[in-house]
Amino acid sequence: MATIASLKIHPAIGIARVGNSPNDFFIGPEEPGVHRRPNGGYKDAQGRIKRQAARFRLFGYDSKGRLIKETTSKDATISWTVHLANKKAAWKRFVGLNPNSPPRNASVIDRNSLVIDPGPRSLSGPNKVADFDTGTFLGSVVPLGEMRTDRQGRLLVLGGFGNSGSPINAPFDAPGNDFANRDGWHDDVSDGPITASVTFKASGKTFSALPAWVICGPPKFAPPIDNIITMYDTLLQVAVDKLGLKLPAKVSFTNDIYPLLQRAINIGWVSGMITSKHAHQTLAAVVPPPSSTSARLAIFAKLRDPALPPNQSSEPADMPMIWSDYYPDDANQPLTKIQYDTMKKWKTAISSTIGQDPRSRRIKSRQPDWIAQASNPA
């Protein structure tokens with residue numbers, strides 16, 4: 001076996017979610033587009049929301065960056081360090097993407113008193129637990145969750161319990177307060193860095209793994225439904241725009257088009273902007289490929305061009321109908337430039353070329369229930 005030259009923590013960004021169930025939790029999705037239902041569902045026996053844990057693993061790579069294998073406690077002594085904190089009460093008020101918004105809690109002189117920071121916690125070995133329970137907000141303790149290791153030495157990070165409050169009994173609806181900014185109040189969402197020190201038992205060599213980050217956000221109340229623009233899509237656009245990443249010229253229906261269509265069909269169940277589910281149900285007609293050129297052209301014609309200014313209406317090209325803080329209601333957010341370009345290539349793709357994707361023939365068998373319902377509405 002090749003020699004391990006470096007270690008990386010995966011995922012690079014893990015998502016945990018708060019919940020008010022005191023004991024029950026589940027491990028969040030670890031494959032794109034795959035949402036396995038937890039045993040017993042997303043709530044405990046009393047109807048309380050289970051916390052979603054983010055699981056982190058270590059993978060070894062050779063000197064050329066090629067994956068060798070996962071590293072667990074069987075291979076090495078692993079020491080994990082996590083530092084969760086909640087600093088938003090000491091930061092700027094949330095006003096969309098405005099970088100010049102005024103500070104929250106502007107009257108509080110001691111800004112550190114607004115920062116919930118229990119400090120880092122470390123664990124070494126399997127089946128260990130450490131709590132983030134010493135951070136305070138205006139002198140009141142606010143627990144932010146815990147970190148655990150499983151029997152293989154992998155890391156689990158769990159966020160808080162969905163608690164909010166005001167130690168100074170600040171009015172909830174004081175002038176200037178809104179859904180995202182309430183002076184004198186805290187919640188228990190958090191985020192922070194993850195590092196790992198790994199000493200291999202066979203060689204005695206110690207590595208510092210490439211670090212990762214965890215975000216402990218609010219619950220997702222429709223877990224199997226993904227946004228049309230995922231975090232991966234957003235980060236991919238940043239990598240292309242800022243880091244010079246080059247993308248393949250050829251479009252894959254399986255990898256590029258089908259997931260986007262799947263999310264677009266499903267979003268109609270949770271979006272008030274989509275007033276007619278029938279419009280999105282028609283998307284199922286192009287699954288599996290190659291579909292017809294006219295169908296692809298019709299779908300693309302409904303997409304808002306991301307090159308348009310945010311304040312410019314794009315009727316009737318108003319899809320994908322996504323709420324946004326940056327785009328007004330009558331000029332809703334478009335796809336990313338990469339997604340839009342991918343759809344543009346697909347709309348004029350030669351049918352035989354699309355059909356050559358060997359994985360596309362498996363799409364039919366992978367269709368979830370909503371595809372069948374959309375294809376055969378009652």
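This is a predicted model: local features need pLDDT of at least 70, side-chain atom pairs count only at pLDDT 80 or more; totals for chains, interfaces and linings use all residues.
**Group meeting talk: loops, helices and a pocket**

Asn127 has a relative accessibility of 56%, and because exposed means over 50%, this residue counts as exposed.

Although Asn127 is not a glycine, its phi is positive, at about 55 degrees. If you want to find the residue on the structure, look in the loop that runs between strand S7 (121–124) and strand S8 (129–131).

Is Met321 buried or exposed? Its relative accessible area is 18%, and because buried means under 20%, Met321 counts as buried.

Pro320 is found in the loop between helix H4 (293–301) and H5, and the peptide bond that joins Met319 to Pro320 is cis, with an omega of about 20 degrees. There is a cis bond at another place in the chain as well, from His10 to Pro11, where omega is near 0 degrees. Pro11 belongs to the loop between strand S1 (6–10) and strand S2 (13–17).

From the loops I move on to the helices. As a general point, two packed helices are described by the angle between their axes and by the distance between those axes. With that in mind, let us take H1 and helix H5 (residues 337–347), which pack at an angle of about 95 degrees with their axes 8 Å apart. Because angles of 65 to 115 degrees count as roughly perpendicular, H1 is roughly perpendicular to H5. On the H1 side the contact is made by Asp233, Leu236, Gln237, Val240 and Asp241, while on the H5 side it is made by Lys337, Ile338 and Gln339. Sorted by class, the residues of this contact are three nonpolar, two polar and three charged.

Which residues does Gln237 touch, once its neighbours within four places in sequence are left aside? The residues in contact with Gln237 are then Thr336, Lys337 and Ile338.

H5 also packs against helix H2 (residues 253–267), and here the angle is about 110 degrees, with the axes 11 Å apart. That angle makes H2 roughly perpendicular to H5. The residues that make the contact are Phe253, Asp256, Ile257, Leu260, Leu261 and Arg263 from H2, together with Gln339, Thr342, Met343 and Trp346 from H5. By class, the contact of H2 with H5 has six nonpolar, two polar and two charged residues.

Which element gives the largest share of the lining of the second largest pocket? It is helix H1 (residues 231–243), with four residues. The lining as a whole divides into ten nonpolar, five polar and three charged residues.

Pro193 lies in strand S13 (residues 190–200), and at 31% relative accessibility it counts as partly exposed. Pro193 and Ile13 are 180 residues apart in sequence, and from C-alpha to C-alpha they are 9.3 Å apart in space. Leaving aside its neighbours within four places in sequence, Pro193 is in contact with Thr81, Val82, His83, Ala212 and Trp213.

The other residue is Ser203, which you will find in the loop between S13 and strand S14 (206–208). With a relative accessible area of 49%, Ser203 is partly exposed. Ser203 and Ala76 are 127 residues apart in sequence, and their C-alpha atoms are 9.5 Å apart in space.

How values were computed: Residues are numbered from 1 along each chain as its sequence is written. Side-chain values use heavy atoms; hydrogens and water are left out. Helices (H or I, at least four residues) and strands (E, at least two) are DSSP runs, numbered from the N terminus. Ala, Val, Leu, Ile, Met, Phe, Trp, Tyr, Cys and Pro count as nonpolar, Asp, Glu, Lys and Arg as charged, and the others, Gly among them, as polar. Axes are lines fitted to C-alpha atoms, for helices over the stretch in contact, and angles run from 0 to 180 degrees between N-to-C directions. Angles under 35 degrees count as roughly parallel, over 145 as roughly antiparallel, 65 to 115 as roughly perpendicular and the rest as oblique. Contact means heavy atoms within 4.5 Å. Buried means under 20% relative accessible area, exposed over 50%, partly exposed in between (1.4 Å probe, protein chains only).
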